Amino acid sequence: MKTLIRTVVTGAALATAMTACTSAQLDGPEPIKQRPVTVRLVAYNGCDDMLAGLREHAVREVGPWGFGGPMPMYMTRDKSMAVPDSAAEKAPEHSTTNVHEAGVDEPDLVKTDGNRVITVVDGTLRVIDTATRKVVKSIKLTETGEPMYMPADLLLSGDRALVLFNRGDIMYKSFAPRGETRYVLVDLAGEPKVLGTVKPQGSYVDARMVGSTVRIVTRSQPDLTFPVPNDSASEAERKKANEAFVRKAPLDAWLPKVEITDEAGTVTKKTVDCARVSHPEQYTGTSLLTVHSLDLAQGITAAGTDPISLAADGDTVYGTGQSLYVASNPHWWVAQPMIMEDTAEVPTPLASTAQAPATEPAPDEPAPLATVTPSATQTITPAAAPSPTASPAASASTTPSTTPSTAPSTAASTAPAPTPTAPPEETEVHRFDIGKPGPPAYVSSGKVPGRLLNQYSLSEHDGNLRVATTLTSQDGRSSSSAVYVLKADTLQKVGEVGGLGEGERIYSVRFIGPVGYCVTFKQVDPLYTLDLRDPAAPKVTGELKITGYSAYLHPGNDGRLIGIGQEASDKGRTMGTQISLFDVSDPASPRRLSQMFQKDSGSEAEWDPHAFLYWPKTGLSVIPLNTYTRDRSEIGAMVLKIDDSSVTKVGMIKHPVKQQKDMSYQPSIQRAMVIGDSIWTVSTDGVQVNDATSLEEQAFIQLR
């Protein structure tokens, strides 16, 4: 099986490449410059004002290739709101999706209420009865012409399941699966039936559910088909033609559309009203975020999802019971997708929604640069947890294309190019109030220096938002991380603590109440403990340096912290998966109590927290694990026992080898659940049940 992996060139690497093209070389690292942390979101003064603003800003972003560079290359390699469900009250004790905030559910590829396990494989939703361990219901959800392998995530509320299909990356639509982003509501009470479908314009970013109400964030680009240039046209001529085209584009090209199909099959098409579109003071005009609200208990009607839109970029979603945050790093991504064979050696994705991967280049090895045109920058959301989006953001006038002109003899193409300037690394954050039914209400926006790692870099507590970022100098030769404290109602800075991991970047963050934990890495792993009780004066209270790093941090018992990541040599070369147990009861002196190390291995739990299972009642933990050596490979899930002092390997769970024509393969296990006294694991091919104590196999349910 092949997996779509996305490698990126960070602002640091891009800046380094650009600096190499200039005649002057810097003698030392360039100091890191911070910009003001202010941004204001305002409404347009009517549709005419909106169109003028979008045209003006979009023209600044267009280049000879439109809003992006040439096509990228491919390579092989409140319970009170829940729907009543009497059966759920009698369900066996069970685990649920590992989520960031309690009470805020996140979409995932499998859901359970203890009595049922629901998953979507190859476009078919299946319901497995946990008592009989058999598929008792199924319904095909893919439409005519759609590939059955379209990515799909799930949310479950009582007898209502929301299936979120993502068509693929909006930038790379030529390579994405044909089909549309669709949100399908399914009734599971009797024979499964579709209650309605929402087809928004653009790509699915992420969603959060509180009670039975789901807020879904999608992202769209202007629906513009740029004129086909003459083969002899220079890049300057192409850019000029594209600018003229954008200046004449109609408002309808930007306004997001949505198509709603109700239970009776009636189709209603809507366009977001320009009065419901806002914008920051600075924006690109090349991307719009739309937030849809859907109460699963109420179903889907012609009234739709009551969407509101922002003329902004966004790739990271974080939610609490009262707030929804959408954040973006709009000015520093250059992306190159790569198809690779499944392996423990996964390229390092620095996307703000992705955890650190299994391996990365040693510090003395330069990171590979993607061969794409930096005429515009894009943001990326990984497809596996959840799905990718991309949009250009940087000004083409300051970051010219490196692709040779098709007409080098023209005067425009031979003119000296301006000195390239890498755009600043900044993270914009928009907050919405979701405390009431219906569409969210915009509250505030803010901006901080640096880039996020993922949603765990954000945490709301006692009226403040904590934001952890890494800021890299424009020459790429220095970096540092910081935690900013912002007032949630205004997103203005209250305090900050910086200087974390000089020369390193953040690999994991976890905020637990008034305490924060941050891991940075290059050669060794400093685990920092942060005291955030005084928002105006956050401070580092302790530091632990060990080899390797933790890519995901999970709270254990009182005073304990669990880390999933990679062990590394003293030079920073990653060596295999490690699970660490930290004693953080004394914030001034964190220490590692135990380490379990599996050589030459990687785990999906390192970059997707949904893949991590921890059952506090017994200390049981399960993580997917792929081990590769020259002589053998082992694919399955590692079962651990984590108590107050140690991490112990109990054993491995493997799914049956799949025979396919002249080849065989071991299915990769992606998720694990505890239901009653059994461990349920989900792979690409089926669901297996094992005894939680002996690990003896009890059943295997084939899904494909």
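Leaving aside its neighbours within four places in sequence, which residues is Asn242 in contact with? With contact taken as heavy atoms within 4.5 Å, the residues are Val62, Gly63, Pro64, Trp65, Gly66, Phe226 and Pro227. This is a predicted model, in which local features need pLDDT of at least 70 and side-chain atom pairs count only at pLDDT 80 or more, while totals for chains, interfaces and linings use all residues. Residues are numbered from 1 along each chain as its sequence is written, and side-chain values use heavy atoms, with hydrogens and water left out.

Asn242 has its place in helix 4, where helices (H or I, at least four residues) and strands (E, at least two) are DSSP runs numbered from the N terminus. Asn242 is buried, with a relative accessible area of 3%; buried means under 20% relative accessible area, exposed over 50% and partly exposed in between, using a 1.4 Å probe and protein chains only. The C-alpha atoms of Asn242 and Pro229 are 9.4 Å apart in space, and the two residues are 13 residues apart in sequence.

Helix 4 also packs against helix 2 (residues 47–61), at an angle of about 170 degrees and with the axes 9 Å apart. Those axes are lines fitted to C-alpha atoms, for helices over the stretch in contact, and the angles run from 0 to 180 degrees between N-to-C directions. The angle makes helix 2 roughly antiparallel to helix 4, given that angles under 35 degrees count as roughly parallel, over 145 as roughly antiparallel, 65 to 115 as roughly perpendicular and the rest as oblique. Where the two helices meet, Arg55, Ala58 and Val59 come from helix 2, and Glu243, Val246 and Arg247 come from helix 4.

Rings of Phe, Tyr and Trp (its six-membered ring) pair if their centres lie within 6.5 Å, and planes under 30 degrees apart count as stacked, over 60 as edge-to-face and the rest as tilted. One of these pairs joins Phe226 and Phe245 in a tilted arrangement, 5.5 Å centre to centre with 50 degrees between the planes. Because Phe226 lies in the loop between strand 12 (213–220) and helix 4 (235–247), and Phe245 in helix 4, this pair ties together parts that are 19 residues apart in sequence. Phe245 counts as partly exposed, at 29% relative accessibility. The pair formed by Tyr318 and Tyr325 is stacked, because the ring centres are 5.7 Å apart and the planes lie at 25 degrees. Tyr318 counts as buried at 0% relative accessibility, and Tyr325 is buried with a relative accessible area of 0%. Elsewhere, ring pairs link Tyr456, Tyr552 and Phe612 into a cluster.

Tyr325 leads on to Arg431, which touches Tyr325 along with other residues, including Ser323, Leu324, Glu460 and Asp489. Arg431 lies in strand 21 (residues 426–433) and is buried, with a relative accessible area of 13%. The side chains of Arg431 and Ser323 are joined by a polar contact of 3.0 Å. A polar contact is a pair of N or O atoms within 3.5 Å; within protein, one must be able to donate a hydrogen and the other to accept it, and residues adjacent in sequence count only if both atoms are side-chain atoms.

A polar contact of 3.1 Å likewise joins the side chains of Ser580 and Arg592. Ser580 lies in strand 33 (residues 574–583) and is buried, with a relative accessible area of 1%. Beyond its neighbours within four places in sequence, Ser580 is in contact with Leu561, Ile562, Gly563, Arg592, Ser594 and Gln595.

Backbone angles mark two further places. Asp600, in the loop between strand 34 (591–599) and strand 35 (601–602), has a phi near 55 degrees, a positive value in a residue other than glycine, and Asp600 is partly exposed, with a relative accessible area of 31%. Leu695, in the loop between strand 44 (686–691) and strand 45 (697–702), has a positive phi of about 65 degrees although it is not a glycine, and Leu695 counts as buried at 14% relative accessibility.
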